[in-house]
Amino acid sequence: MAPGSSSVIPSESEKSSSSFNKDKYTDENLVVKKRSILGVAQKGPFKFGSPVYLRELSEETLDPTGMVYEDEISSNKGDFVIPNVNLISPYAGVEVRGQYRNEVTGEYSKDSISLFVLTDLKTDSRTKVNINLLTHLEYKRAMYLVRKGYSVYAAKKQADQEIMTAFELPTTVKYSEDLSVFEDSEDDNVDYANASLMMLNLLFLGNRSDTEIKIAIDRFIVDIEKDGSWEDDSTKAVMADFATEIDGDEIRANVKSWNILDVPRFEAQVEMFWNNVYGLGGCTSVRSGVIAQNKNKYSKNVNSYYLCKSSSWKKITNLEADTYGWEAGETGEVKKGTYTEAKYVYRGGAWTEADAVESALGSCTASDAKTIKNNQGSYYVCEDTQWKILTTLEADTYGWSAGAVGEVKKGNVTDARYVYRDGTWTEATALEYDTYGYTCSKDGIFVSGKVNENNKYVCDDGSFRIASSDEIEVGTGCGKDGTVVDGSVSTVSKYVCDGGSFRIASSDEIELNLGCTSYTRGKIITTLSNVSVEERWVCSDEWKFHRFGFLKDSRDNKTYRTVTIGDQTWMAENLNYDYNEGTAKSYCYNNNPDSCAKYGRLYTWTAAMDSAAVFSTTGKGCGYGKTCSASGVVRGVCPEGWHLPSGSEFETLMKTVGSSVAATKLKSTYGWKSGNGTDDYGFSALPAGLYNGGFSNVGSNAYFWSATERSASYAYYWDLYASNAYLYYNLKGRGFSVRCLQDQN
């Protein structure tokens, strides 16, 4: 249909209405005669070409009579004109249906919507009927009131007043169908109402989708239809939250892009709405500087604070609210907020939120310097207007100057005691506190506790410790392991200090006046020593007596101890003669001379046998890859009068000391990773390791070459490892230790 034309088209329901009688529409019956009805359809302007329907309503019931006129939107402002309207009733309902422009997004809606208006065309011979959101919101409520006996005018007036009240506005609306969101009338009341209409548009649009907009409108209409009261506080709060974010310039820019310049000044109405929903009230010059809180529990801004400034409420942070109007403080000063329980500290020329420690402890100003406070079990000191955490020791000794060595003092903040030692205050033990003032000048001194006299302490290696029951019984302190003392009851009895307690001394310990304990294990006491014989005691599990001889090797003047075990006399040390003849080599472990001094040298079997016949011909030509024809005693690399033991001679040694315990009894009492021995016979086997192109197993194994050959490549050796001692064979090119055995006449 072309713009400006119209037609009468009964709806489907109207066509079937038995009451519709077109013949009644004669000149004498017409209330509205050949009148052009014009207006604008706006929820934002409806799209050009959207249909507009004018339906006559019966004067008695406001039900459709069946008379319908149709037109369509003919401008970008939503204008429409329905010409030549003839009605026998003064009341009509006008509907627009279609897509509309959205002032928030600036775009057309994707979905269509219908808006309605109830109007009295007889009043003032009305020709202008605008369709807008307010006419739509009032429609069903007004119809309900008319059916309750109100006039159309009174019903619409009542419905409009209820809607304005629901939206916290004092606006008075004379005729809702006179309003337009795109008119800036000079009539203050109309302009004010137009601004309120724009506010309604924006609040229902919000950030909603098309479907959500329809639902919000329909729910509001249903809510007020029967009682005129809007009970949906949650939706109202959502609208208020959106209202705080509305940018009037952005809205106007959107409308301007549609070539529409006239927009009412709606900002005051928007602000009035959310101010009242938030419970803030108006922001007038009288209330300038007032701070109020949003108590609306449905609002996303609930509990936020707002400041009345320049006639508008401005959202402010809790910090701004709590410190508003505060004067400058002293650096480090802490105060509780005006509105909340939060604490604030003055620092850097401004009040800022205090941290957890500042909130708990309060001010730390220059006048609070060196103050110590406790917060949840931790101590803090005020230094340079900052709370600094301290350990309990630091808090207790804060500010203390150096003390006398051993001085004990009670802490600043706790009952703990502290002792001055090594140039600093440290926490004193109960023992130190109980023995404070005593001098530990001699091991074994007894004292009673200063705090508790029943406590007994003994001086041990320069400091006091708790005396054991044995020490109390013996009458002196077990100050040093191995000490032998007389009994307090009978001086005939002797006791040994062993591991912090006394035990009865053995006859050997009494004779030597030294206990054999873990502290003295490995200790050697020489009781006789001359050029050829040495008698010594060695502490293993107990004192063991050994008689050593001496062997001086005339080749390099080195002297070795010797020991007799059964019928055999052995070197008590590994041979350390430097033998290197052709392919017959000897080595220091890791090529370190100190290793030779400790462990002796490591010899290939060729060197051990003296294959170059430097000292004798008994091992001549014996070497790797050759079968040796040696028989009998082989001197090998040993000093004159001594020889390289055969495999059977090693077996004799093991049988003499006990084959199953030979390793334990012949190993030295120190230096073994795999377990030290007891060295019962003074043989003192050391874990010298081996050479095999590289060095390994030092500390774990002792390998000794024998003179017994197995094949051209292998010879027998004696091995000590952990608790094992056994004969086996190995490659002749490897480097093992040598222990020489004295020749027998």
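This is a predicted model: local features need pLDDT of at least 70, side-chain atom pairs count only at pLDDT 80 or more; totals for chains, interfaces and linings use all residues.

Biologist: How many helices and strands are in the protein chain?
Modeller: The protein chain has 18 helices and 39 strands.

Biologist: Is the protein chain compact or spread out?
Modeller: The chain is more spread out than a compact globule, because its radius of gyration is 57 Å. For 745 residues the globule rule gives 27 Å, and 57 Å is well over that.

Biologist: What does the C-alpha trace span along its principal axes?
Modeller: The span is about 170 × 75 × 45 Å.

Biologist: And how many residues are buried?
Modeller: Buried residues make up 48% of the 745.

Biologist: Switching to charges. How many are positive and how many negative?
Modeller: There are 79 positive and 101 negative charges. Their mean positions are 4 Å apart.

Biologist: Now helix α3. Which residues does α3 cover, and what should it span?
Modeller: Helix α3 covers residues 152-166. At 1.5 Å a residue, its 15 residues should span 21 Å. The end C-alpha atoms are 21 Å apart, so the two values agree.

Biologist: Which residues of α3 are buried?
Modeller: Among them are Val152, Ala155, Ala159, Ile163 and Ala166. Charged residues are on the list too, including Lys156, Asp160 and Glu162.

Biologist: Why does spacing matter in a helix?
Modeller: An α-helix has 3.6 residues a turn, so residues three or four places apart point the same way.

Biologist: What follows α3?
Modeller: Glu168 follows α3, and its phi is positive, near 60°.

Notes:
Residues are numbered from 1 along each chain as its sequence is written. Side-chain values use heavy atoms; hydrogens and water are left out. Helices (H or I, at least four residues) and strands (E, at least two) are DSSP runs, numbered from the N terminus. The radius of gyration is taken over C-alpha atoms; the globule rule is 2.2 Å times the number of residues to the power 0.38. Buried means under 20% relative accessible area, exposed over 50%, partly exposed in between (1.4 Å probe, protein chains only). The place of a charge is taken as NZ of Lys, CZ of Arg, CG of Asp or CD of Glu. The expected span of a helix is 1.5 Å times one less than its number of residues.
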